[in-house]
Amino acid sequence: MTDRELIDFLGIAEKMKCNTRHSWTSTNRKESVAEHSWRLSLIALLLEREIENVDFQKIIKMCIIHDLGEAITGDIPSFLKTKQDSKTEQKAITILIEKLPEPQKTDMFTLFEEMEKRETIESKIYKALDRLEAVIQHNEAPIDSWLPLEYELQQSYGWEEAQVHERLSQLRQTAKQDTIDKIKRESKQ
């Protein structure tokens, strides 16, 4: 990869820092797509030794690139995302990756295909962690930033995906309890 190819690709990816998500931070500001991807990668890194016989280098790569299309499309919350939105994001990812030289282009397309099919343990763990990070972030955000539907969604979102491994199921249960405690605590105020 030439310096120019790398810098040009990073220039597009930089928009992940600028594009905000539906989620809010604990300091009451919108979270960026890049911040979500960073912490998602950190969660994977921290759990690496707790889940055996899995390629965590691949999972971390998936975590880093999973929202790359949102550098172009921006974020649409999963509960609002339509099939057309998903197609638009997939097209953006394709356009972005096509700009890369080989072997990076093939490597990224292969990872995205694996993530989309969600058949491997790595792709299933990545998706569970992606959902878990969003739940954890919502629990950290001020409750007045929640939409009414999120009081229930916080307790169910990512539940099915977390069942891929006992450790993730346990973490999801803890996050659910944090949600319940937050609702009780902050509803009294």
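The model is predicted. A search of the whole structure finds 16 salt bridges. Several of them share partners and join R21, E31, D67 and D75 into one network. Another salt bridge, E114 with K58, links helix α7 to helix α4.

**Helices α4 and α7**

- Helix α4 spans residues 56–65 and helix α7 spans residues 104–117.
- Their axes come within 10 Å and cross at roughly 90°.
- The two helices are therefore roughly perpendicular to each other.
- On the α4 side, the contact is made by K58, K61, M62 and I65.
- On the α7 side, M108, L111, F112, E114 and M115 make the contact.
- By class, this contact has six nonpolar and three charged residues, with no polar ones.

- E114 and K58 form a salt bridge, with their closest N and O atoms 3.0 Å apart.
- E114 lies in α7 and K58 in α4, so the pair ties together parts that are 56 residues apart in sequence.
- E114 counts as buried, at 13% relative accessibility.
- K58 is partly exposed, with a relative accessible area of 25%.

**R21 and its partners**

- R21 meets E31 in a salt bridge, at 3.1 Å from N to O.
- R21 sits in strand β1 (residues 20–24) and E31 in strand β2 (residues 30–32), so this pair ties together parts that are ten residues apart in sequence.
- R21 also meets D67 in a salt bridge, at 3.7 Å from N to O.
- D67 belongs to the loop between α4 and α5, so its pairing with R21 in β1 ties together parts that are 46 residues apart in sequence.
- R21 counts as buried, at 10% relative accessibility.
- E31 is buried as well, with a relative accessible area of 2%.
- D67 is likewise buried, with a relative accessible area of 7%.
- In general, side chains of opposite charge can pair when their charged atoms come close.

**D75 in its loop**

- D75 is found in the loop between α5 (70–73) and α6 (83–98).
- Its side chain reaches the backbone nitrogen of H22 at 3.2 Å.
- Leaving aside neighbours within four places in sequence, D75 is in contact with T20, R21, H22, V33 and E70.
- D75 belongs to the salt-bridge network with R21, E31 and D67.

Notes: Residues are numbered from 1 along each chain as its sequence is written. This is a predicted model: local features need pLDDT of at least 70, side-chain atom pairs count only at pLDDT 80 or more; totals for chains, interfaces and linings use all residues. Side-chain values use heavy atoms; hydrogens and water are left out. Axes are lines fitted to C-alpha atoms, for helices over the stretch in contact, and angles run from 0 to 180 degrees between N-to-C directions. Helices (H or I, at least four residues) and strands (E, at least two) are DSSP runs, numbered from the N terminus. Angles under 35 degrees count as roughly parallel, over 145 as roughly antiparallel, 65 to 115 as roughly perpendicular and the rest as oblique. Contact means heavy atoms within 4.5 Å. Ala, Val, Leu, Ile, Met, Phe, Trp, Tyr, Cys and Pro count as nonpolar, Asp, Glu, Lys and Arg as charged, and the others, Gly among them, as polar. A polar contact is a pair of N or O atoms within 3.5 Å; within protein, one must be able to donate a hydrogen and the other to accept it, and residues adjacent in sequence count only if both atoms are side-chain atoms. A salt bridge is a side-chain nitrogen of Lys or Arg within 4 Å of a carboxyl oxygen of Asp or Glu. Buried means under 20% relative accessible area, exposed over 50%, partly exposed in between (1.4 Å probe, protein chains only).
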